[in-house]
Amino acid sequence: MGAFFSNLPQYLVNGIGSSCVYILMAMGFSLVYSSTGIINFAQGEFAAISALVAYTLSMDLGLPLLLAVAGALALTGFVGLLLERAVIRPLQGKGTLTAIIATIGASIFLKAGARIIWPEEAYKVPEFTQGQLNLPKASFNAQLLWMLGLTAFTVAAMYLLMNGTKLGKGLRACAINPEAARLVGIDVSLMSMAAFAIAALLGGLAGLVSAPFANYGMGLYLGIKGFTAAVIGGLGDVYGAVLGGITVGLLEEVVAGFLSVVLGVSSGYKDAVAVILLISVLLFRPQGLVGKGLVEKV
Amino acid sequence: MLILRNISAFYGNIEALRAVDLHVQEGCITTVLGSNGAGKTTMLRAISGLIPTRYGEILYYGRNIAGEPPHRIVRMGISHVPEGRQVFYQLSVRENLELGAYVRSWRKKAEIEKDLDFVYRLFPILGERERQLAGTLSGGEQQMLAIGRALMSRPRLLLLDEPSMGLAPMVIRDIFACLKRLHQEGLTILLVEQDVQIALSISDYAYVLRTGKVVLEGPAEELLKGERIKKIYLGEEF
Ligand SMILES: Nc1ncnc2c1ncn2[C@@H]1O[C@H](COP(=O)(O)OP(=O)(O)OP(=O)(O)O)[C@@H](O)[C@H]1O
Ligand SMILES: [Mg+2]
């Protein structure tokens, strides 16, 4: 038990890093869900694609890191657009469930495609900054500062987008009442496209900062954890995503630490934490800790 | 201004509108009466592009707008106050009204501000409740908000779906007085109602719809005087 407590600061520091990734993922899930009613199960694939493209651009083609990152994000955003136009749009009017199942199909397709292009088990995506920093009771990679900075910046940008721009107001209106949104002249189909593209960028950023390793399968667990965070946050606004991301990120590391240090169980069970959390939230508080989430309002 | 020619609309195999012909004269209040399930809402939804039509034409200033998406229809100057108000519950009164101006350039703040004032003068209670969430308004206030929101797009033609539904007689009178005022200021109105008396009292021309078909039409005063409408409306005929 003593060892657990002396390691706690380290768990928390690690947890902050994963929190950032999950916050970004959760914002993507929430944005698409709240403006279209669709849970996009291909959200994780955005992260994988962007990280792998960044690898190819920087390592194989030797582009400077900044360009590689920009290219990866641009391409991922494009994949998001394409997903909406090619898969979601044609299913318009066929019901939300159909669209959700189609995103599962898209996820499998993208994963398989990624596996053909990037067949190895792990690609080393360059970190933005090398090196390690030490605190009295914990140490972390310099990358963590990038994660924190970029996540904070993105959260602020999303907040401004949703509350201060016409696009954001349109997206929020679609989330609240799609029919009324159409009646005031909002192009709901355009909003759906925007939501998927922005969600793809958010997922892409999550993939990039969760370096250093990437592979075709990484979207699965990032997706599950990001989705859990989004559900905890009520699948609504930016606050919810932040709250959910932090909850999953911290809890996961602390529980994994507890399991391995105190009970001697493999920390491989870490990934189960999010799943158990997800099931518990869906069972006991499906509306999320805040907001209305998956439960339809009457 | 608006002409429906031989319009049919379906829900699956159910024909909710059967070859409807209807004229809306510019500067007039035209009313469509009919009991539950007559197809009134369907007709307005077809005009504003929320549902597709299968046959016929919807001519707006001579141009067929059938099949255009709602966001284009709003930009053409047709604004729809839907059945059941459909205000944005989680947004404030002011945010609702601002969304009503969505199709206009938000850079013209002064103009939009002026129209907000216009709505607040028309419905002073909305001004008092500016920061309140729409979901916490009373039914009558929500109806006023829905009308105000529709006005914010600066329509030439206002479609109204049963604005009297579920409201107290006094509130209904207030709302209809406002509609009359809007009409006097030049707005053309297509009104759908079940409250025959009050609707005909402000209308110029009226249609009676029954199971998707127009069964009676004429100038409002004539219908108001005639006995036939009562019979048809109460279902004693056919
Ligand atoms: N979404 C729908 N799916 C299937 N049938 C529908 C749908 N909406 C309406 N209908 C049917 O179409 C017909 C016309 O409905 P509509 O809502 O236009 O009537 P209404 O005149 O507006 O009635 P009310 O006064 O009750 O509002 C009804 O028989 C109704 O059952
Ligand atoms: Mg109706």
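Keep in mind that the model is predicted. In chain A, helix α1 (residues 2–36) packs with α5 (residues 143–164) and also with α10 (residues 238–261). Over in chain B, the pair to look at is α6 (residues 139–151) with α7 (residues 169–184).

**α1 and α5 in chain A**

- The axes of α1(A) and α5(A) come within 10 Å and cross at roughly 25°, which makes the two helices roughly parallel.
- As for handedness, α1(A) and α5(A) make a left-handed crossing.
- On the α1(A) side, the contact uses V13(A), I16(A), G17(A), C20(A), V21(A), I23(A), L24(A), M27(A) and L31(A).
- α5(A) answers with L144(A), M147(A), L148(A), T151(A), T154(A), V155(A), M158(A) and M162(A).
- Sort the residues of this α1(A)–α5(A) contact by class and you get 14 nonpolar, three polar and no charged ones.

**A closer look at V155(A)**

- V155(A) sits in helix α5 of chain A.
- Setting aside neighbours within four places in sequence, V155(A) touches I23(A), M27(A), V238(A) and V242(A).
- I23(A) and M27(A) are also among the α1(A) residues that meet α5(A).
- From V155(A) to G95(A) there are 60 residues in sequence and 31 Å in space, C-alpha to C-alpha.

**α1 and α10 in chain A**

- Here the packing angle is about 145°, and the axes of α1(A) and α10(A) are 6 Å apart.
- The crossing of α1(A) with α10(A) is right-handed.

**α6 and α7 in chain B**

- α6(B) and α7(B) pack at about 15° with axes 10 Å apart, so they count as roughly parallel.
- Their crossing, α6(B) over α7(B), is right-handed.
- From α6(B) come G140(B), Q143(B), M144(B), I147(B) and L151(B), and these meet V171(B), I175(B), L179(B) and L182(B) of α7(B).
- By class, the α6(B)–α7(B) contact splits into seven nonpolar, two polar and no charged residues.

**Around ligand 1**

- There are 13 residues around ligand 1, and N36(B), K40(B), T41(B), T42(B) and E83(B) come nearest.
- T42(B) puts a polar side-chain atom 2.4 Å from an oxygen atom of ligand 1.
- For K40(B), a polar side-chain atom is 2.7 Å from a ligand 1 oxygen.
- G39(B) takes part through its backbone, with an N or O atom 2.9 Å from an oxygen atom of ligand 1.

Methods: Residues are numbered from 1 along each chain as its sequence is written. Chains are lettered from A and ligands numbered from 1 in the order in which they are written. This is a predicted model: local features need pLDDT of at least 70, side-chain atom pairs count only at pLDDT 80 or more; totals for chains, interfaces and linings use all residues. Side-chain values use heavy atoms; hydrogens and water are left out. Axes are lines fitted to C-alpha atoms, for helices over the stretch in contact, and angles run from 0 to 180 degrees between N-to-C directions. Helices (H or I, at least four residues) and strands (E, at least two) are DSSP runs, numbered from the N terminus. Angles under 35 degrees count as roughly parallel, over 145 as roughly antiparallel, 65 to 115 as roughly perpendicular and the rest as oblique. A crossing is left-handed if the near helix is turned anticlockwise from the far one by less than a right angle, and right-handed if clockwise. Contact means heavy atoms within 4.5 Å. Ala, Val, Leu, Ile, Met, Phe, Trp, Tyr, Cys and Pro count as nonpolar, Asp, Glu, Lys and Arg as charged, and the others, Gly among them, as polar. A residue is near a molecule or strand if one of its heavy atoms lies within 4 Å of it. A polar contact is a pair of N or O atoms within 3.5 Å; within protein, one must be able to donate a hydrogen and the other to accept it, and residues adjacent in sequence count only if both atoms are side-chain atoms.
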